[in-house]
Amino acid sequence: MTREVVLAARPEGEPKASDFELRETPDAVPDDGEVVVRNVFVSVDPYMRGRMTGIRTYVPPYEIGGPLDGGAVGRVVESRDENVAAGDWVVSQLGWRDRGVVAGSRLRKIDPSVAPPTTALGVLGMPGFTAWIGLLDVGRIQQGETIYVSGAAGAVGSAAAQIARLKGLRVIGSAGSAEKVEWLRTLGVEAFNYRETRAKEALADGIDVYFDNVGGSQLEVAISALRDHGRVIACGAVSRYNDARAEPGPRNMGLVITKRLRVEGFIIIDHFKRFPEFIAEALPWVRSGELEYRETIVDGLENIPDAFAGLFRGDNVGKMLVRVGPDD
């Protein structure tokens with residue numbers, strides 16, 4: 001039998017355990033061109049909260065009673081695709097389950113001897129790629145500029161802060177605990193705890209670019225701190241994802257006009273053709289230690305809902321993952 005986590009109810013506010021259900025279903029049998037994958041690690045990501053509302057955005061919403069697909073890393077246990085062999089490590093979108101059947105053409109093979117498999121869900125996966133695209137293609141960062149990264153100790157934020165530093169920028173980052181601030185400072189980030197220090201004070205000298213993972217009040221402060229012709233890389237707004245109703249936006253949007261600011265949002269699925277270029281640049285950084293990463297790993301498929309809710313409580317340092325099976 002296959003165990004999987006399904007959506008039992010649409011969350012109101014912060015997701016809770018009763019919004020999900022752990023169920024068992026018969027194992028699927030692969031057809032020609034398909035493979036059976038046993039998940040080892042699954043990803044929990046803030047964007048998944050939007051899919052639980054029932055409203056279609058850039059991807060279809062999750063259905064009540066349906067499984068929650070998303071990033072996962074696992075091992076192939078049976079293959080009917082000549083390009084994929086049993087034992088291969090692969091990245092899939094099988095999501096919150098311990099095993100599943102998927103077309104071999106929809107898998108990406110990874111080499112665990114090059115980097116730990118978990119990095120394919122973090123610094124060398126969607127979060128790291130999002131940071132890289134946001135900085136280079138959306139923000140068009142330039143050496144010598146000052147950038148502010150909110151949520152800088154998260155999976156995307158920590159990659160963005162470090163890549164910006166590697167590209168010669170002065171980096172200011174915010175986080176919500178002393179532990180996170182201490183880690184960021186070891187990475188060369190001018191970090192501050194937003195619970196103790198007002199962002200307005202931390203950004204008093206001005207910034208050229210804002211990498212926004214948080215939205216809300218942080219965006220408002222950043223708009224005020226941006227210099228003329230500054231840019232906002234609108235990546236996420238995690239502070240707003242659990243709102244029961246839409247809240248008023250930044251009160252200083254008039255500055256976008258007077259400062260001639262550029263505010264640009266992006267979705268990483270629009271940029272997948274650039275993924276090989278990202279890996280070519282980021283993998284050497286990871287292997288040399290220039291691009292560090294941390295992972296917060298929760299054990300057990302049954303603990304996925306709490307790990308997911310933990311994203312909004314700020315429980316994670318770096319990438320939040322759930323280990324659902326052995327890695328042998």
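## How helix 2 meets helix 3

In this predicted model, helix 2 passes helix 3 in a right-handed crossing. Helix 2 covers residues 126–138 and helix 3 covers residues 155–166. Their axes lie 8 Å apart, and the two helices pack at an angle of about 45°.

Which residues make the contact? From helix 2 come Pro127, Gly128, Thr130, Ala131, Trp132 and Leu135. Helix 3 brings Ala155, Val156, Ala159, Ala160, Ile163 and Ala164. Sorted by class, the contact of helix 2 with helix 3 has ten nonpolar and two polar residues, with no charged ones.

## The two sides of helix 4

Next, have a look at helix 4, residues 178–186. Its buried residues are Lys180, Val181, Trp183 and Leu184. Because these residues cover an arc of only 160° around the axis, they sit on the same side of helix 4. What do they pack against? Their partners are helix 3, strand 9 (170–175) and strand 10 (190–193).

Turn to the other side of helix 4 and you will find Ala178, Glu182, Arg185 and Thr186, which are exposed. Just after helix 4 comes glycine 188, with a positive phi of about 90°.

## Threonine 25 in strand 2

Threonine 25 has its place in strand 2, which spans residues 20–25. Leaving aside neighbours within four places in sequence, which residues does threonine 25 contact? They are Met1, Thr2 and Glu4.

How far is threonine 25 from glycine 128? In sequence they are 103 residues apart, and in space their C-alpha atoms are 34 Å apart.

## Asparagine 252 in its loop

To find asparagine 252, go to the loop between strand 12 (226–234) and helix 7 (254–258). Is asparagine 252 buried or exposed? Its relative accessible area is 13%. Buried means under 20%, so asparagine 252 counts as buried.

Its contacts also reach back along the chain. With neighbours within four places in sequence left aside, asparagine 252 is in contact with Glu220, Ile223 and Ser224.

Key:
Residues numbered from 1 in each chain as written. Predicted model: local features only at pLDDT ≥ 70, side-chain atom pairs only at ≥ 80, totals over all residues. Heavy atoms only, no water. Axes fitted to C-alpha atoms, helices over the stretch in contact; angles between N-to-C directions. Helix = DSSP H or I, 4+ residues; strand = E, 2+ residues; numbered from the N terminus. Left-handed = near helix turned anticlockwise from the far one by under 90°. Contact = heavy atoms within 4.5 Å. Nonpolar A, V, L, I, M, F, W, Y, C, P; charged D, E, K, R; others polar. Buried < 20%, exposed > 50% of the residue type's maximum accessible area, 1.4 Å probe, protein only. Arc of directions from axis to C-beta.
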